[in-house]
Amino acid sequence: MVRDTARRVTDHVLDQVGDELRTTAVLTPDDWEVVYLRDDLSEQYAPDEYEQALTAFRATTEVDQPAVETLPIGERRAVVHYHEHAFVLQFPYQPGKTVIVSVEPAVGSSLGSFIDECRELVDDA
């Protein structure tokens with residue numbers, strides 16, 4: 001089940017990065033379920049704000065669509081969203097179901113710096 005998978009991912013991420021894990025959730029076409037939400041974030045965000053953030057990933061990402069499987073880059077493994085306050089990783093599970101993992105930007109500091117450098121070049125153009 002997707003929830004069991006999300007729990008295993010949560011345990012792994014907690015082992016790897018500890019308190020840098022912000023949240024994990026399961027996203028389906030019609031619903032979402034929190035698997036883990038760090039205590040300070042549960043106090044910081046109202047439930048409707050959390051729901052709004054999760055549903056935005058449903059609306060904007062086709063992570064489970066096999067659109068690139070035929071390209072030479074291979075099958076899509078995950079989608080990485082880079083935000084000001086978090087990296088959000090979206091893993092396809094089954095069609096319409098994804099596991100969402102949000103971590104602090106420090107977890108992906110090298111990738112974040114690389115993206116910021118590229119972004120500056122784009123912004124300067």
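**Figure 1. Strands E3 and E4 at one end of the sheet.** In this predicted model, Val-79 has Gln-90 of E4 as its bridge partner. Strand E3 covers residues 79–82, and strand E4 covers residues 87–94. E3 and E4 pair in the antiparallel sense, with 4 bridges between them. E3 stands at an edge of the sheet and has a single partner strand, so one side of E3 is left without a neighbour in the sheet.

**Figure 2. The whole sheet.** The sheet is open and is formed by 5 strands in the order E2-E1-E5-E4-E3, with antiparallel pairing. E2, like E3, stands at an edge with a single partner strand, so one side of E2 also has no neighbour in the sheet. From one strand to the next, the twist averages 20 degrees. In a regular strand, side chains alternate between the two faces of the sheet.

**Figure 3. The hairpin of E1 and E2.** Strand E1 spans residues 21–27, and strand E2 spans residues 32–37. A hairpin of 4 residues joins E1 to E2. The two strands run antiparallel and are joined by 5 bridges. One of the paired positions is Val-26, whose bridge partner in E2 is Glu-33.

**Figure 4. Strand E5 and its two partners.** Strand E5 runs from residue 97 to residue 103. How much of E5 is buried? Of its 7 residues, 6 are buried, and the strand is mostly covered. E1 and E5 run antiparallel and are joined by 6 bridges; Thr-24 stands opposite Val-101 in E5. E4 also pairs with E5 in the antiparallel sense, over 7 bridges. Gln-94 stands opposite Lys-97 in E5. The hairpin of E4 and E5 has 2 residues between the strands, and Gly-96 in this hairpin takes a positive phi near 85 degrees.

**Figure 5. The salt bridge of Arg-3 and Glu-33.** Side chains of opposite charge can pair when their charged atoms come close. The structure holds 6 salt bridges. In one of them, the side chains of Arg-3 and Glu-33 meet at 2.9 Å, N to O. Arg-3 lies in helix H1 (residues 2–17) and Glu-33 in strand E2, so this pair ties together parts that are 30 residues apart in sequence. Arg-3 counts as partly exposed, at 25% relative accessibility. Glu-33 is partly exposed as well, with a relative accessible area of 34%. Glu-33 is also the bridge partner of Val-26.

Figure 6. Arg-38 and Glu-104 form a salt bridge in which the closest N and O atoms are 2.9 Å apart. Arg-38 lies in the loop between E2 and helix H2 (39–44), and Glu-104 in the loop between E5 and helix H4 (109–124), so the pair ties together parts that are 66 residues apart in sequence. Are these two residues buried or exposed? Arg-38 and Glu-104 are both buried. A network of salt bridges links Arg-22, Arg-38, Asp-40 and Glu-104.

Figure 7. Arg-119 forms a salt bridge with Asp-123, and their closest N and O atoms are 2.9 Å apart. Both residues belong to helix H4, where a spacing of 4 residues separates them by about one helical turn. Arg-119 is partly exposed, at 48% relative accessibility, and Asp-123 is partly exposed at 49%.

**Figure 8. The largest pocket.** Rolling a probe the size of a water molecule over the atoms shows where empty space is left. The largest pocket has a volume of about 440 Å³. It is lined by 19 residues, and those closest to its centre are Arg-22, Ala-53, Phe-57, Val-88 and Ser-102. Strand E1, helix H3 (47–60) and strand E5 each give two or more residues to the lining. The largest share, 7 residues, comes from H3. By class, the lining has 11 nonpolar, 5 polar and 3 charged residues. Arg-22 also belongs to the network of salt bridges with Arg-38, Asp-40 and Glu-104.

**Figure 9. Ser-42 and Glu-117.** Ser-42 is found in helix H2 and is partly exposed, with a relative accessible area of 38%. Ser-42 and Glu-117 are 75 residues apart along the chain, and their C-alpha atoms are separated by 32 Å.

Methods:
Residues numbered from 1 in each chain as written. Predicted model: local features only at pLDDT ≥ 70, side-chain atom pairs only at ≥ 80, totals over all residues. Heavy atoms only, no water. Salt bridge = Lys/Arg side-chain N within 4 Å of Asp/Glu carboxyl O. Buried < 20%, exposed > 50% of the residue type's maximum accessible area, 1.4 Å probe, protein only. 1 Å grid on protein atoms, 1.4 Å probe; cavity = no way out; pocket = protein on both sides within 12 Å on 5 of 7 lines; lining within 4 Å. Points joined across faces, edges and corners; volume = space filled by probe spheres on them. Nonpolar A, V, L, I, M, F, W, Y, C, P; charged D, E, K, R; others polar. Pairing = 2+ DSSP bridges. Axes fitted to C-alpha atoms, helices over the stretch in contact; angles between N-to-C directions.
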